[in-house]
Amino acid sequence: MKTQLYIITGFLGSGKTTYINGLLDNLDLSDEKVVIIQCEQGESEIDNAFECNSNVHIIKWERTKKSVLKLIEDILKKYRPHSIIIEHNGTESTEKLLEDLQKPVIQKNCVIHNIVHTIDAQTFEVFIDNMGAILTEQIASSDLIVVNNSSDFTKSRLKAVEKLLKTVNPTAKIARTAGDTGSGAQEGNEGLYIEKQTKQLKLSDVAFFTFCLLVLCYLSVSVLKAANFELININLSRFQALNTIFISILIQAFPFILFGVIVSSVIQVLISNETIVKLFPEKMGLGFVAAIFAGLLFPVCDCAVVPVAARLEKKGVPVPTVVAFMLAAPLMSPLSIASTFYAFPGQPSVAIYRVILGIIISVIVGLTFWIFPEEKQITLNRLAAVNCKCGYCNTGASKKPASKIEAVFKHAGSEFFEVGRFIIVGAFLSSLVQTFLPKDILLKIGGGAAASIIIMLLSAFVLSVCSTSDAFIARTFVNQFPMASVMGFMVLGPMIDIKNVLMLLGNFKKRFVAKLVFLIFSFTFIILSFFSIVFFGL
């Protein structure tokens, strides 16, 4: 049987040693050997009863004197333990420790049983504001998060802490120490109270499962037809058309997505938020100009712009300027402009109109927030501090060029697969509409200019994938809808869609998000209606 590894992370004084005492209390120490590796000396100590137990061995580890690989090898040879508990140093990278533990020499004899992160609720808000990079990396790597010292917290304050933890690590269980039970909690094995976990199906997961099921059915039928199986007599012409449209969208969009996530990762890892903030003048007029054209210098897509915008507002950039930047940057990105030219060959006016309409709508929405300002700060500061959850660019420990380049590619890979799910689902839904929805129904529903614009705006909210790929999806609607409404899909999608709303709710107050969504939809509809009359005579 392999040795079980327990990794306990958290800052000094967060309750790591207390948790270890509770863990030891639940292990059968009469028959099991346990080795505790302590990387720092905390306020609490291992209980004397455990220290005196012949089956418990405590080792003080200094990384500079011996590597973790050598240390564990020596422990395995000397003690042959059933369990190894690593009390990790709260200021060091958990990612580096996990990489070391993935080495073959360790995996051959050990398996990671559980990764636990402990926090002191009283100091958590201070740490997340000042040491967010280190803290979020440890939280993101955990299986269980233990919240200590929260007995005097109000329900709303405790809920805000737990919401932040779920933002960083949606899959981890959250536990509170005895006395902080609250509602909906169940007693755990270590004297903790763990929040009941309810499985929630995401729309993207359901859509992706449906897509995989349909692909499996299509391939099965194709194989049976190729084998001349007589019982199968199905006309697959529409499915073949669906396949052609779907593959064509992906082939055209993926190169831009790949290049886009690499550029976004370079900005995320190598360029600090403070450097970006300095580019925005305090004066409102110059601030709008800088916000509009910032997308040319920082080609972030609509997925990456929300955390950056939250950081700008937190650093003191005026809200109207932040709004203008958040809406215009994805459309002003060189990648977005290039993808539009590529999706509409021979029609350069489409890319030009898209940029102009995006600038107009961004400025008008920003001016609305200037005329009707928010009285209170709109950013949830501690949620805005979580810039990235990839686990690679938040380590902040190593300044070596090789480590930074490695972080860029790891971040890009993580973001590519995350965005890739949405583009596959979006392209598939778009292909379904183009293949199976009769054109006469589309023409009847979208026969009028106003109706067609509304339909495409709603479609953009649901089907939009990324500012660099929306043009390819919109291109498939050209034969069914007027160009003005198709333009609405390309303009509104990068500004606001389902995933943007979810990201906004994680960084801003609900009132601000609702106001922003209403203004974007309203002004986009009004401007596109005017655009369709002036340029197309509809």
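These legends describe several close-up views of a predicted protein model.

Residues are numbered from 1 along each chain as its sequence is written. Local features need pLDDT of at least 70, side-chain atom pairs count only at pLDDT 80 or more, totals for chains, interfaces and linings use all residues, and side-chain values use heavy atoms, with hydrogens and water left out.

**Figure 1. The protein chain has 24 helices and nine strands.** Helices (H or I, at least four residues) and strands (E, at least two) are DSSP runs, numbered from the N terminus. Of the 538 residues of the chain, 50% count as buried; buried means under 20% relative accessible area, exposed over 50%, and partly exposed in between (1.4 Å probe, protein chains only). Residues 24 or more positions apart account for 77% of the contacts with a separation of 6 or more, where a contact means heavy atoms within 4.5 Å.

**Figure 2. Confidence in the model is given by pLDDT, the predictor's confidence in each residue, from 0 to 100.** The protein chain averages 77, and 73% of the residues score at least 70. Over residues 181-190 the pLDDT is below 50, and this stretch has 23 contacts in the model beyond near neighbours in sequence. Residues 380-387 also have pLDDT under 50, with 27 contacts beyond four places in sequence. Where pLDDT is low, the predicted coordinates should not be read in detail.

**Figure 3. The second largest cavity has a volume of about 50 Å³.** The structure holds three cavities of 30 Å³ or more. On a 1 Å grid over the protein atoms alone, a cavity is a set of points where a 1.4 Å probe fits but cannot get out, and lining residues have an atom within 4 Å of a point. Grid points are joined across faces, edges and corners, and a volume is the space filled by probe spheres set on the points. The lining of the second largest cavity consists of Phe11, Ser14, His117, Thr118, Ile119, Asp120, Thr123, Phe124, Phe127 and Leu135. By type, the lining has five nonpolar residues, four polar and one charged. Ala, Val, Leu, Ile, Met, Phe, Trp, Tyr, Cys and Pro count as nonpolar, Asp, Glu, Lys and Arg as charged, and the others, Gly among them, as polar.

**Figure 4. Helix H6 has a buried side and a face turned away from it.** Ala121, Phe124, Glu125 and Ile128 are buried in H6. These four residues lie on the same side of H6 because they cover an arc of only 90 degrees around the axis; the arc is that of the directions from the helix axis to the C-beta atoms. An α-helix has 3.6 residues a turn, so residues three or four places apart point the same way. Val126 and Asn130 are exposed on the face turned away from the buried side of H6.

**Figure 5. Arg80 and Asn149 lie in loops.** Arg80, between helix H3 (68-79) and strand S4 (83-87), has a positive phi of about 50 degrees although it is not a glycine. Its relative accessibility is 68%, so Arg80 counts as exposed. Asn149, between strand S6 (144-148) and helix H8 (155-168), has a positive phi of about 60 degrees and is not a glycine either. Asn149 counts as partly exposed because its relative accessibility is 40%.

How values were computed. 1 Å grid on protein atoms, 1.4 Å probe; cavity = no way out; pocket = protein on both sides within 12 Å on 5 of 7 lines; lining within 4 Å.
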